Amino acid sequence: MKADTSEITLLLVEDDDIDAASIERSFLKQRIGNSIVRAHDGVEALELLKSGAVSYPFMVLLDLQMPRMNGLEFLDNLRADPELVDTLVFVLTTSKSDQDMVKSYNRKVAGYFVKEEAGINFIDVVNMFESYWRVLHVPTEPRAM
């Protein structure tokens, strides 16, 4: 059965308060009512996911350059966890590095966005999510083991 995509929670993993606020404002401006849960780094994000603080279904919007545990380390941990392995992740970062892009896609991210190319207040990324959610089908329950 298809879950209601308006119920998809966005886990925003972003250490920059200004960038996080811009993304949240853009969701409001576009009248997208999906819940947003914020983590400041990969450690906090994993704790939120493993504790169940992020309700299913969810997707992740991930920065790469963060303290304690960066985005690539977060992806390694996520992909090693049998309950989180197929989490849908999009990267939103300042890095235009081909190496970071390749490492991200090798860790099965769904998309890679560069912040400076993402439009004013990241509106292009927010619009992409809105379009994506309109046609997305997600199961009503997490992956069955």
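Select V60 and V89 first: V60 stands opposite V89 in β4. The strand labels here, like the helix labels, are DSSP runs numbered from the N terminus (helices are H or I of at least four residues, strands are E of at least two). The model is predicted, so local features need pLDDT of at least 70 and side-chain atom pairs count only at pLDDT 80 or more, while totals for chains, interfaces and linings use all residues. Residues are numbered from 1 along each chain as its sequence is written, and side-chain values use heavy atoms, with hydrogens and water left out.

**The sheet**

Stay with β3 and β4, which pair in the parallel sense over three bridges. Two strands count as paired if DSSP finds at least two bridges between them. Strands of a sheet pair through backbone hydrogen bonds, either parallel or antiparallel.

Now select residues 58–62, which make up β3. Five of the five residues of β3 are buried, so the strand is largely enclosed by the rest of the structure. Buried means under 20% relative accessible area, exposed means over 50%, and partly exposed lies in between (1.4 Å probe, protein chains only). Looking along β3, F58, V60 and L62 point one way, and M59 and L61 point the other way.

Go next to β1, residues 9–13. β1 and β3 pair in the parallel sense over five bridges. Two places to check are T9, which stands opposite F58 in β3, and L11, whose bridge partner in β3 is V60. Five of the five residues of β1 are buried, so this strand too is largely enclosed by the rest of the structure. From β1, T9, L11 and V13 point one way, whereas L10 and L12 point the other way.

Four bridges join β1 to β2, and the two run parallel. L10 has I36 in β2 as its bridge partner, and V13 stands opposite A39 in β2.

Show the whole sheet. Five strands form an open sheet in the order β2-β1-β3-β4-β5, with parallel pairing. β2 (36–39) and β5 (111–114) stand at the edges with a single partner strand each, so one side of each is left without a neighbour in the sheet. From one strand to the next the twist averages 20°. Axes for such angles are lines fitted to C-alpha atoms, for helices over the stretch in contact, and angles run from 0 to 180 degrees between N-to-C directions.

**Helices on the sheet**

Select α2, residues 42–51. α2 packs on the sheet and touches β1, β2 and β3, and its direction makes about 135° with that of β2. Contact here means heavy atoms within 4.5 Å.

Then select residues 123–135, helix α5. α5 lies across β1, β3, β4 (89–93) and β5, and runs at about 160° to β3.

Centre on G111, in strand β5. G111 is buried, with a relative accessible area of 6%. Not counting residues up to four places away in sequence, G111 touches V89, F90, V91 and Y105. For a distance check, pick S95: G111 and S95 are 16 residues apart in sequence and 14 Å apart in space, C-alpha to C-alpha.

**Backbone exceptions**

Most residues other than glycine have a negative phi, and most peptide bonds are trans.

- Y56 and P57 are joined by a cis peptide bond, with omega about 0°; P57 is in the loop between α2 and β3.
- R68 has a positive phi, near 60°. R68 is in the loop between β3 and α3 (71–80) and is exposed, with a relative accessible area of 62%.
- K108 has a positive phi, near 65°. K108 is in the loop between α4 (98–106) and β5 and counts as exposed at 61% relative accessibility.

**The largest pocket**

Finish with Y56, F58, E83, T87 and P142, the closest to the centre of the largest pocket among its 22 lining residues. A pocket is, on a 1 Å grid over the protein atoms alone, an open set of points where a 1.4 Å probe fits, with protein on both sides within 12 Å along at least five of seven lines; lining residues have an atom within 4 Å of a point. The volume is about 480 Å³, taken as the space filled by probe spheres set on the points, which are joined across faces, edges and corners.

α2 and β3 each supply at least two residues of the lining. The lining divides into 15 nonpolar, two polar and five charged residues. In that count Ala, Val, Leu, Ile, Met, Phe, Trp, Tyr, Cys and Pro are nonpolar, Asp, Glu, Lys and Arg are charged, and the others, Gly among them, are polar.
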